[in-house]
Structure formats: structure tokens, C-alpha cells
Amino acid sequence: AVSSSRAFRHLQVVLADSRCSRMSASKGMSVLLVTANVGSMFEKITEILPEWSTQFRQFVSQKQPDFIALHCQEVGGKFAVDAREAVQDFLQSLVDCTELEAFTCVRGFVDEEHQLPQRFTALGSLYFVRDSLHDVAMWDFAGERFHPVAGHEVVTENLSNNHFHIREKFPSEFSPHRLTRKGFLLTRWRLNGQSFNFINVHLYHDPSNIVAMEASPSIYAGNRHKAILYSLKRLACCSPNDEPAFLFGDFNFRLDLHQLVNDVYLTGSNSPPLISDANSERVVLTDSSSGEVVLQLAPKLFRPADKSLFEERFHLLKPFDKEATKLELHEQAVTFRPSYPLSEEDGEARQYMDTRCPAWCDRILYNGIAQDLLHKVCFF
């Protein structure tokens, strides 16, 4: 199951015991994977954090998983250096909540190393293990062996000295014109005798709608593809290729804007684009018969006259959602409308902002080994 709000996207499965491919859920292991870009939450921490935390706790209470992997991006928001106290409040609200009391083992890796811009990713990976699980261990990437884990530990500083994870920024050549903090954070677990790899990823966004519209695929999609392949190559160096691997985070996948504009807005009675100024920083598409504007675009503006395509007829957008299909990875069916860029203003949570073309940015992908495992399990 997948949530319909960008607040968090989730996938929950009940994994059968390794000794038998089909066992009852009571004898299996329920794993809940959650991804959430929490950046804007730190811009309105007193307004959004309480509600977000409430929704997450209620969700956990409803699903009753044995293991939770929570991958967050943009921890601390755009100005993370000034949000240390807010980050600690966020982490404390999760670790101390009543609904997570049965999760006696907690491990977290939260990148707050703002003083190291060459490494800083603002990623946060939190893992909660219920006391009912056995053989709980994490891989030591330096010592190259599994270590049993217990108790609570959340690492926020000196991450490079902790060898139970790998955190990296993507090479600068993937985004040569911008200094970014995009990267990945990898952990490897053993639960009930089964090994798993979890990769928290945050990929590049589209700085300009105009540039994104120029080609298919866009230059931004190409950079994201390179970053994913880089993550998978690093995974292959650190983990056996016969283990399940789950990549989930803010992939920033966008619709193919070039094809969308041509196939949807430049057909029928719609005119070719009218450029309102010489540097092509604004594009206006009009209906040639009525003269009505059907779409306006600028670097940070996407304003369709009719939003029903994105709100009600979103299934028609799937042919333009191509980036995940270029990978040798799998995904559960996406059955909800685009989850980005929904407004975070009070009372407007289901309205899109006029900044970007709506898209499915937050994804949960997995390799073929994980796909084979999921064929034997139950979904919730």
C-alpha cells in the first residue's frame, strides 16, 4: 500500500520465515518502509511537526510492523545549520513516542555535519526494531562482518567514524553548475536470518521548467539516472549481489515535460507557444480558436488552466512518468495522484502549487532479488 500524500510514502510487507516460503503473518516478519522529504517541515516546525508526528504514530499503530525503516531527506530544511534544536526535537518525538515503545532497538544516522560541505547530505535514516525479532545485526563496512545490535543509538556527528553505514554525496560532475547536497546513505541489516540492504537517496531536482521542456529526456533526468547508477555501483562493491536491496527516498522523478507539452498541450486547437520575451524565460500556450490561455510556463512556474488532468485523470499521466522504467529496478503500482508539489499551507493540502509540473517524486524501488522475495509475501 502507498500513501496518497507526500507527507510520507510507504510499503509494508509480511516476509515469510526463511525456512518456509508461505507462513502465516503471525509467524512472519512485517517490514514497513517509509520515505519522507521533511525539508519544509523545518520551515514551519511548530505547525507541521506535531501533525506529521501524529500521523506517523497513528500509522505505525495501525500497521503494527516488526521493523520500520524511515528514510528522511532535507533534515533541518534549507537552513539546516540553524535547525539543530528543531532536528533534535524531531528525533526525540519519534524515539520517545508511546507507539514505538515496543521497538526496543533503534538505530539512526542523521547527517548534521553542515561544517563539512564536501560531505553534507542532510539525509536521515532511522530504523526501529520490535523486540519480537531475533538475530538482529548490522553490517560493519570496515570490519566486514555483522554485529548484533540492541538499545538506542542515533548518530548525528562524526558520521565518517561510524562504520555501520556509508554516506556519500554524488560526484560534482553530475550537477556541474550547482553546489548541491544530494547523495545517498546505505545500511545493511540481518533480521531473522535474512539480509537486507536499504539505501536512502535524494536526487537532483529540476531548477528550470523551461530547460526541462527542451528535450526528452531532459538534462536533469540524465543527471538523476547517473546518480542512481552510481548508487547501485557502490552497493555492488559493498554487498553481495544476491541480497534484496531497497532504494527509497526523494528521487525527484519528473514527468517528461517535453513530451507532455507536445502530446497534451500542442494538439487539437492549441497554438504553438507564444514567447512573451526574447530570452524565452516565459512560455504561454493558447487555444487558437478561443484565444484562452491553456498553459503558462516559466523557470519556476507551471500553471495549467485545467488541473483536472493532475487531480482526477492522473492515470493518463503514467506514459510520461518514464524515469523509473529506465532502470533494472521494480516498484509497486502507483495508484494515487502526483504527490508533488502539494501545498503545505493550512487547509490547502490537496492543492498543487503553481511552481512545477505535478509528479511522483517520492518512490520505493527494489532489485530483482527483492522482487522475488516479495512474490512470496503479503502486502498491506
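What share of the 380 residues of the protein chain counts as buried? The share is 57%. Buried here means under 20% relative accessible area, exposed means over 50%, and partly exposed lies in between, with a 1.4 Å probe and protein chains only.

This is a predicted model: local features need pLDDT of at least 70, side-chain atom pairs count only at pLDDT 80 or more, and totals for chains, interfaces and linings use all residues. Residues are numbered from 1 along each chain as its sequence is written, and side-chain values use heavy atoms, with hydrogens and water left out.

**Overall build**

The protein chain has 7 helices and 18 strands. Both are DSSP runs, numbered from the N terminus: helices are H or I with at least four residues, strands are E with at least two. Contact means heavy atoms within 4.5 Å. Among contacts between residues at least 6 apart in sequence, 68% join residues at least 24 apart.

Helix α4 covers residues 219–238. Its 20 residues reach 29 Å from first C-alpha to last, close to the 28 Å expected at 1.5 Å a residue. The expected span is 1.5 Å times one less than the number of residues. The buried residues of α4 are Y220, A221, N223, R224, A227, I228, S231, L235 and C238. They lie on the same side of α4, because they cover an arc of only 160° around the axis. That arc is taken from the directions from the helix axis to the C-beta atoms. An α-helix has 3.6 residues a turn, so residues three or four places apart point the same way.

The buried residues of α4 pack against the strands β6 (137–140), β9 (166–169), β10 (183–191), β11 (194–202) and β12 (245–250), and against helix α3 (209–213). The face turned away from the buried side carries the exposed residues I219, K233, A236 and C237.

Helix α2 has 12 residues. They should span 16 Å, and the end C-alpha atoms are 17 Å apart, which agrees. A86, V87, F90, L91, L94 and V95 are its buried residues. These pack against α1 (45–63), β3, β4 (105–110), β5 (124–129) and β8 (152–155).

E74 lies in the loop between β3 (67–73) and α2 (84–95). E144 lies in the loop between β6 and β7 (145–148). E153 is found in strand β8.

| Residue | Relative accessible area | Class |
|---|---|---|
| E74 | 14% | buried |
| E144 | 58% | exposed |
| E153 | 38% | partly exposed |

Which residues does E74 touch, leaving aside its neighbours within four places in sequence? E74 is in contact with N37, V38, G39, F42, A122, R181, K182 and H202. For E153, with such neighbours left aside, the contacts are V106, R107, G108 and N162. E153 and R107 are 46 residues apart along the chain, yet their C-alpha atoms are separated by 5.1 Å.

**Backbone exceptions**

Most residues other than glycine have a negative phi, and most peptide bonds are trans. E74 has a positive phi, near 55°. The phi of E144 is positive too, near 55°.

The peptide bond from S216 to P217 is cis, with omega near -5°. P217 sits in the loop between α3 and α4. Another cis peptide bond joins Y340 and P341, where omega is about 0°. P341 is in the loop between α6 (308–311) and β17 (362–366).

**Enclosed space**

Rolling a probe the size of a water molecule over the atoms shows where empty space is left. On a 1 Å grid over the protein atoms alone, a cavity is a set of points where a 1.4 Å probe fits but cannot get out; lining residues have an atom within 4 Å of a point. Grid points are joined across faces, edges and corners, and a volume is the space filled by probe spheres set on the points.

How many cavities of 30 Å³ or more does this rule give? The count is 3. The largest cavity has a volume of about 80 Å³. Its lining is formed by D206, N209, A212, R254, L255, L257, R356, C357, P358 and A359. These residues divide into 6 nonpolar, 1 polar and 3 charged. Ala, Val, Leu, Ile, Met, Phe, Trp, Tyr, Cys and Pro count as nonpolar, Asp, Glu, Lys and Arg as charged, and the others, Gly among them, as polar.

Methods. On a 1 Å grid over the protein atoms alone, a cavity is a set of points where a 1.4 Å probe fits but cannot get out, and a pocket is an open set with protein on both sides within 12 Å along at least five of seven lines; lining residues have an atom within 4 Å of a point.
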